[in-house]
Amino acid sequence: MLYPLIAGVLFGLYFSLVGIGLNLVFGVMRIVNLAHGDFLMLGAFVAFGIYTVAGLDPLVGIPIAFALFCIAGLLLYWVLVPRLQRARDPEMLSFILFFGFSQVIEALTTIVFGTSERSIPSRELANSLAGVRAAIFGGEPTNGPFRLLGLSFPASWVVAATVSVIAIGCVYLYLYRTRLGTLTRAVMSRRDEAIATGINVDRVSAAAFGIGLGLAAVAGVFAPFMFGSFTPAFGIDATVTSFVVVVLGSLGNPLGTALGGIVYGVSYMIVQTYLSSWADLLPYVLLIAILLLRPSGLLGRRVRVA
Amino acid sequence: MPDTVRHYLFIAVPLLVVLAVAPSVYNNHLLLFNFVIFFILAQGVNIIYGFTGYLPFGYVGFFGAGAYGFAIMVMHLNAPAPLAVLVGGAVAVVLGLILTPLLRLSGAYFSIANLAAALAVLHLIANPALEQITKGPYGVALNGTFNPTMAYAGGILILALTLGIVVYLKNSSFGLALQAVREDSFSASMSGVSVVRMRTIAWRASALVAGLAGGVFAWYVSVFYPDNVFSADFSIFAIVFALFGGVATISGPLIGVIILYGIYNLIGFTTPQYFQLIYGLLIMALVLFLPAGLVSLATRRGWNVP
Amino acid sequence: MSPDAAPILEVSGVVKRFGGFHALDGLSFHVSPGEILGLVGPNGSGKTTAINVISGLYAPDAGSVSFAQTQVGGMASHKLVHLGINRTFQVPKPFMSLTVKQNVEVARTYGGATDKSPPMADLLEEYRLADVANRPASDLTNAQQKMLDLVRALATQPKLLLLDELAAGLNPTELDWIAGRIKALAQGGLAIIVVEHLMGFIEQITDRVIVMNAGKEIFEGTLAVAVKVPQVIEVFLGGEHAA
């Protein structure tokens, strides 16, 4: 029982990172980014490129992926979103628009890279930090499995979980310790009033969109290690998983996503361990159940029913 | 002549006649059959999305359930094919009944939950633990009922029924009330419309035609895997075709199928990613520039498009 | 035109909470056929919430709503429509992509119109919508959409009509005209509840007003008397009536 619990928490922290960008974008703009998983997939390609072309530690991909997709997000925001917000039903239209966008990304990636599955050997992740690890935990410089409470876990899981905690911490600092973050929270809680009080909603939203895509790409850097391999078609599954995590934690509340991720990760690992043939069903059943029984999420206050 | 009769006579009947004689002059019967299937599915999406505003991202769930309803009747009960097709429709309606609570969700929440539901049904049927009943991931082979000519005829009958439903919705006060619900559900209930009942009826009608289509598809191909009949492409194509032509009309989804599925067959088979790219871009252009579909080019000029 | 009939609607002790906030906190009042009752009070005093509870959008958390001797608190809106309750909306909510005629047709078909109902053409003529009958509702001006809301409500032949800020945004000539229409409807036996900020308009048409504050009634009587009651003046801070 201990193994699935710890593995579940490690995975769960990572899943929080997977979902948090989606939630940030939804919370601020009421826009459903169906292409979220595709940015994860592109992040995975960044890690792959860094490793195969430049021969560097995939960890180097984190700042690169974040910066790259942050900028891409800002540009995309100005191209797509203002037009959408003028429409009569932006939420539904954005859903369809970003679905089309996800198809474009998937198609372009397939055209450029082909459909084959790719992976990166797990020991390559954070290899450059083996010395640091030895300095902290003692022993020889190694990138082998971590031992926790007598059980061993792949180093890549621990690294991904650690980076996720740091990233979520940064989101927290952004939202609660910066001016733009404070405005972001104002827009999230009452968009119309925020507009009325003269907040530059476009600036806040563009920032949130950029950061959201950046975080998705950072999560993508770890995708080859957490999911074993990836293909250009991997985006849609990642989007659905992100939705489960986000809805579990409550839509529109980015920090709730951390809780959603852990709940999801632990239940996934438990089902995987004890009922493995049914594990694939879990995310979908969980998503439907939570939407119907507690549409506001575990932490939420907003109820979204027709 | 009442509009109902006029619309059926001048839109549905010519299409049905063309499709009925086409196999004797055109050799690619599979392509013709696929056209019939997509006419049905695009109109099925029209029934639920065009008239009630619920975008069924997991529409293929009904199609796959119908196909497996057919397969199980034939494999385990040796049922004659036409009866098995009807059972396929019934299975989809039952699935629709089970999923009725999803209609409590609004907008994107419904679409995501519906997608999750379709994936849940896929993983349930493809589960090796159910091999005795569904043959799990290994697929089914139904040699006993193989009869493409009869299956094609069955498809045309189902299309005739589907068009009948759409023509009725377009011209009846029932269809008008559904559209009223789509526009503003509270205002509709203040017009005396029982909102929940209306939506449920449309939902089941839409499930029925997809289930029948799935049944007749299983009859036609007779060998298939869960991934074939639950392929997200069915949902995506049906939605894109319907949206492209213009929903809440009789002709819109038909035009969408003829144009887009036509293009798909010209360029799609050898390099599907190029078609994916094109329809991804088409969806985006549609949302940004022509959210009401091709027919809105005419309705904007004040022409009445049936 | 003072009402003498027994009340058709009786609201007693109705409570409606949103989270910890009591939007209605024990509201009680009644209205009789042929009577025009004004609901007035500052923003957030619960006027629109009261309308929403009576028309079935929200179920009351406590208290009772009885209409024509039937308990209707929490009943589905379309059933209330069939019993004879209807309303308009502060922000008009027509079916935007449907034509004006189609809007009214839905209400006539599903709202229980009978042979005795006024013909659609008459209704559209009467509320100045005949010229735009075949245009989609989204083409109408705000004032026209309000009239369409009203016509939609009237097409279901209500016995009780709830008007939520129907007059806001109309010009003085239109105000006089619609005041006349509302009075005529009441003379035909309709019970009418009017929520309105324009006190002149309230004065012109109502027989009686309920002044609300913080989810309950603090005064009941004519507006002329209300404006002399210290508690009422305090609630309005001398603001709105002067305007």
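Student: What covers the buried residues of H6(C)?
Tutor: The cover includes strand E3 (36-40), strand E8 (191-195) and helix H7 (199-205) of chain C. Helices (H or I, at least four residues) and strands (E, at least two) are DSSP runs, numbered from the N terminus. Before we go on: this is a predicted model, where local features need pLDDT of at least 70, side-chain atom pairs count only at pLDDT 80 or more, and totals for chains, interfaces and linings use all residues. Residues are numbered from 1 along each chain as its sequence is written, while chains are lettered from A and ligands numbered from 1 in the order in which they are written.

Student: Which residues of H6(C) are buried?
Tutor: C:Ile178, C:Ile182 and C:Ala186 are. Buried means 20 or more other C-beta atoms within 10 Å of the residue's own; exposed means 12 or fewer, partly exposed is in between, and C-beta atoms are placed from the backbone.

Student: Switching to chain B. Where does B:Met198 lie, and is it buried or exposed?
Tutor: B:Met198 is in helix H10 (residues 195-221) of chain B. B:Met198 is buried, because 25 other C-beta atoms lie within 10 Å.

Student: What does B:Met198 touch?
Tutor: B:Ala177, B:Leu178, B:Val181 and B:Val193, leaving out residues up to four places away in sequence. Contact means C-beta atoms, placed from the backbone, within 7 Å.

Student: Now the A–B contact. How many residues from each chain?
Tutor: Chain A gives 36 residues and chain B gives 35 residues. On the chain A side, the largest share, 16 residues, comes from H4(A). That side divides into 27 nonpolar, four polar and five charged residues. Ala, Val, Leu, Ile, Met, Phe, Trp, Tyr, Cys and Pro count as nonpolar, Asp, Glu, Lys and Arg as charged, and the others, Gly among them, as polar.

Student: Last one. How many helices and strands in chain A?
Tutor: Chain A has 12 helices and two strands. Of its 306 residues, 51% count as buried.

Methods:
Two residues are in contact if their C-beta atoms, placed from the backbone, lie within 7 Å.
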